[in-house]
Amino acid sequence: MTIIDGKKISDEIKSELKIKVEEAKSKGLGVPGLTAILVGEDPASQVYVNSKNKACEKIGMNSVVEILPEKTAETELIEIVRKYNADKNTNGILVQLPLPSHISEQKVIEAILPEKDVDGFHPVNVGKLVIGLETFYPCTPYGIVELLKRYKIETSGKHVVVVGRSNIVGKPIANMLLQKNENANSIVTVVHSAAKDISEFTKHADILIAAIGKPNFITAGMVKEGVTVIDVGINRIDSPESKKGYKIVGDVDFDSVSQKAAYITPVPGGVGRMTIAMLLQNTYNAFIKQNEI
Ligand code: NAP
């Protein structure tokens with residue numbers, strides 16, 4: 001059994017990008033820039049935005065963080081998005097979700113220029129993904145594809161079972177692996193909460209992708225020998241023995257499932273590590289496209 005090391009691969013990607021950013025600078029081509037917009041004071045969102053900001057700075061990209069009060073009006077937020085749409089130093093824009101309930105997330109996402117939508121959530125980019133055109137892939141699914149690719153795990157002709165159909169993980173990863181290209185070409189099944197017994201599906205997976213949001217939900221009896229398991233879940237559970245009083249676990253019961261798997265991602269240290277690396281990759285890609293390099 002091989003543990004898929006998300007830390008190692010994400011560090012590799014960041015190092016590769018750091019070199020490319022330095023090259024662009026030294027050639028006088030400019031510096032890629034990401035602008036993150038955060039509305040309100042949700043502590044988890046603040047942590048995410050800060051870590052994105054730090055990751056940009058570490059590889060030499062410009063990073064702007066715009067923090068707006070909780071009561072910001074939808075129109076005001078859209079105006080700010082438009083300001084960054086027009087800003088030459090901003091190649092990528094991300095609006096940290098969730099937004100306060102008085103703001104329509106969909107309207108705000110649609111206000112971002114598709115060319116700067118480095119989260120890959122704009123309907124134009126989602127549509128391009130589905131029909132197999134070059135686009136910004138949402139960062140978590142993009143990270144999964146990159147892990148499979150860099151571990152040389154065959155996807156062509158393999159049966160991928162995705163548990164979960166969210167717009168940020170389940171639907172995009174299913175559509176990406178369905179494409180007729182060398183890092184995909186899979187036979188894809190998507191399962192969700194309407195399934196009476198998901199093990200009827202998961203047992204037939206060559207590659208199982210769990211994006212459910214339920215701690216240790218997938219157990220050894222639900223998978224076959226030799227399966228590749230990609231655990232997207234990030235769940236906080238009580239753990240009186242740990243210092244913080246809690247620990248983070250995935251959607252997969254790692255201890256039992258790893259006994260049967262050929263490859264498995266740990267939580268933490270697996271898919272979660274990849275998301276920011278792929279955001280940086282998307283920002284770099286946006287910079288290259290916008291500058292026609
Ligand atoms: P979500 O929007 O809550 O979607 C969960 C999906 O799981 C839904 O499609 C739901 O089905 C399905 N589901 C729930 N219970 C089920 C059951 N008993 N049987 C079968 N399907 C079931 O979650 P998400 O945003 O995709 O996130 C999933 C997990 O990944 C969470 O733990 C989240 O924290 C984590 N995550 C991690 C990253 C990262 O690593 N960077 C990024 C995003 C998310 P219905 O559609 O029928 O309700």
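Me: What makes a residue buried here?
Reply: Buried means under 20% relative accessible area, exposed over 50%, and partly exposed in between, with a 1.4 Å probe and protein chains only. By that cut-off, 47% of the 293 residues in the protein chain are buried. This is a predicted model, where local features need pLDDT of at least 70, side-chain atom pairs count only at pLDDT 80 or more, and totals for chains, interfaces and linings use all residues. Residues are numbered from 1 along each chain as its sequence is written, and side-chain values use heavy atoms, with hydrogens and water left out.

Me: How do you know how many helices and strands there are?
Reply: Helices (H or I, at least four residues) and strands (E, at least two) are DSSP runs, numbered from the N terminus. The protein chain has ten helices and eleven strands.

Me: Why is the chain called as compact as a globular protein of that length?
Reply: The globule rule is 2.2 Å times the number of residues to the power 0.38, and the radius of gyration is taken over C-alpha atoms. For 293 residues the rule gives 19 Å; the chain has 19 Å, so it is as compact as a globular protein of that length.

Me: What makes β5 and β7 a pair?
Reply: Two strands pair if DSSP finds at least two bridges between them. β5 (residues 159-163) and β7 (residues 207-210) have four bridges, in the parallel sense. Valine 161 has leucine 208 of β7 as its bridge partner.

Me: Why do β1 and β6 count as edges?
Reply: The open sheet runs β1-β11-β8-β7-β5-β6, with parallel pairing. β1 (2-3) and β6 (187-191) each have a single partner strand, so one side of each lacks a neighbour in the sheet.
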